[in-house]
Amino acid sequence: MSEAAQAAAPLLASNLLTSAKAHENSRPAPASSGSAVIDEEALSGGFRYGEITSIAGASATGKSLLAYHATASHLLAFPRGEAAFIDTTGSFSPFRLRDVLVFRLEAKFQRESYQQSGYVYEKAPLNAKEAKKRYVDEATAMLDRVKVMRVFDLAGVIEAVGEVGEMRRSESQVAEKAEAVATRRSRDEIGDSEEEPDEEDDVAAKPAAAEGGQEVDSQGGQVGIIVIDTMTNVASSLMSTSQTQGQALLESFMRLLHHLTSRRHICTILTNAAVGLTSSNNPEYRRRPEDSVSVFSSIMGKPALGKTFTYLIDTSVFLSVVPKTAIDAVIAFGDRGDRVSFREAFILEVLKDRCGTRGGRWAAFEMLDEVNLVPCFS
């Protein structure tokens with residue numbers, strides 16, 4: 001048998017376990033959704049790094065807000081970390097992201113002050129106006145670490161993700177060279193070397209010295225979170241022209257994105273629309289019980305882009321809106337003609353988890369002031 005036709009050598013499960021543990025330990029802690037109830041009851045800590053999470057739902061259910069909170073969590077956790085926001089609809093709002101950052105900074109200060117003092121009345125700053133201005137300035141400075149890419153087709157999305165991959169590769173090469181230069185210089189100092197360092201070594205060593213001797217975070221200067229808002233438009237428009245070709249291109253892109261996400265420990269979030277939100281009078285298209293993806297019988301709809309798309313991601317999250325109480329349900333689903341307004345509760349459900357630990361979990365929450373996510377039944 002020729003050498004090329006020989007079967008691959010088997011791998012020991014113990015070696016694979018060691019490699020998997022090392023890979024798992026090198027991943028950062030999950031990025032918070034901005035809501036303790038969502039993190040604890042549904043996401044087991046937040047959006048995981050090294051995985052692709054799809055957030056699907058109808059309009060105004062909080063998809064973009066969750067993406068903004070995850071971005072804010074990354075920027076706050078890694079002082080030098082960067083984020084890439086790929087906007088396919090032109091709806092990215094720097095004001096809203098800044099407001100989310102300000103809210104998170106205020107909450108962080110309140111929490112840390114309470115932990116240090118232990119007294120509730122010391123939680124509020126002495127000068128609220130000055131503190132607010134400081135938070136706004138700090139949040140505005142954080143926006144310098146967010147790279148916004150506006151594209152409107154799948155080819156543009158592929159190019160944008162490729163640019164992120166190139167940035168990560170070049171930054172890793174600079175960091176490796178800086179470490180090698182620092183090691184060589186320490187050896188030269190031990191040996192009392194009189195040689196002058198090369199100019200290229202000086203350039204490579206600058207990132208290591210820029211922190212003034214402080215330890216650089218694991219995501220320092222690198223894109224650690226990618227948000228694509230939204231995948232629905234670019235993918236559905238392509239598949240409407242040619243279903244087979246469009247599906248093939250989407251699968252190829254998702255494999256590329258998964259490779260980048262997994263190898264570089266990036267937290268990748270895709271937003272997706274929902275379909276089937278209303279019932280049809282045509283029996284042929286009427287919703288069947290097996291078509292429902294939610295554990296709640298009153299919730300209609302499912303993520304767009306078909307069943308195949310769910311196999312290309314790691315975690316599938318679905319957002320929906322339901323009446324908050326039984327009285328609100330009577331108003332919403334009753335036969336009253338005046339259609340009195342009712343209170344709403346937002347539901348986040350984990351439809352699928354590749355690791356198999358979060359599937360079927362859910363959390364209820366409300367949105368306040370367009371930035372604050374609070375427990376629904378607190």
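The model is predicted, so local features need pLDDT of at least 70 and side-chain atom pairs count only at pLDDT 80 or more, while totals for chains, interfaces and linings use all residues. Residues are numbered from 1 along each chain as its sequence is written, and side-chain values use heavy atoms, leaving out hydrogens and water.

Let's start with Asn272, which is found in strand E5 (residues 267–272); helices (H or I, at least four residues) and strands (E, at least two) are DSSP runs, numbered from the N terminus. Asn272 is buried, with a relative accessible area of 1%. Buried means under 20% relative accessible area, exposed over 50%, and partly exposed in between (1.4 Å probe, protein chains only). The side chain of Asn272 makes a polar contact with the side chain of Thr232 at 2.6 Å, and also reaches the backbone oxygen of Ala304 at 2.9 Å. A polar contact is a pair of N or O atoms within 3.5 Å; within protein, one must be able to donate a hydrogen and the other to accept it, and residues adjacent in sequence count only if both atoms are side-chain atoms. Beyond four places in sequence, the residues in contact with Asn272 (heavy atoms within 4.5 Å) include Lys63, Thr230 and Phe309.

Thr230 sits in the loop between strand E4 (223–229) and helix H8 (231–241), and a cis peptide bond with omega of about 10 degrees joins Asp229 to Thr230. Most peptide bonds are trans, and most residues other than glycine have a negative phi. Ser44 has a positive phi of about 55 degrees and is partly exposed at 36%. For Ala60, phi is near 65 degrees, and this residue counts as exposed at 60%.

Now to the charged pairs: the whole structure holds 12 salt bridges, each a side-chain nitrogen of Lys or Arg within 4 Å of a carboxyl oxygen of Asp or Glu.

Glu82 is buried at 15%, whereas Lys147 is partly exposed at 25%.
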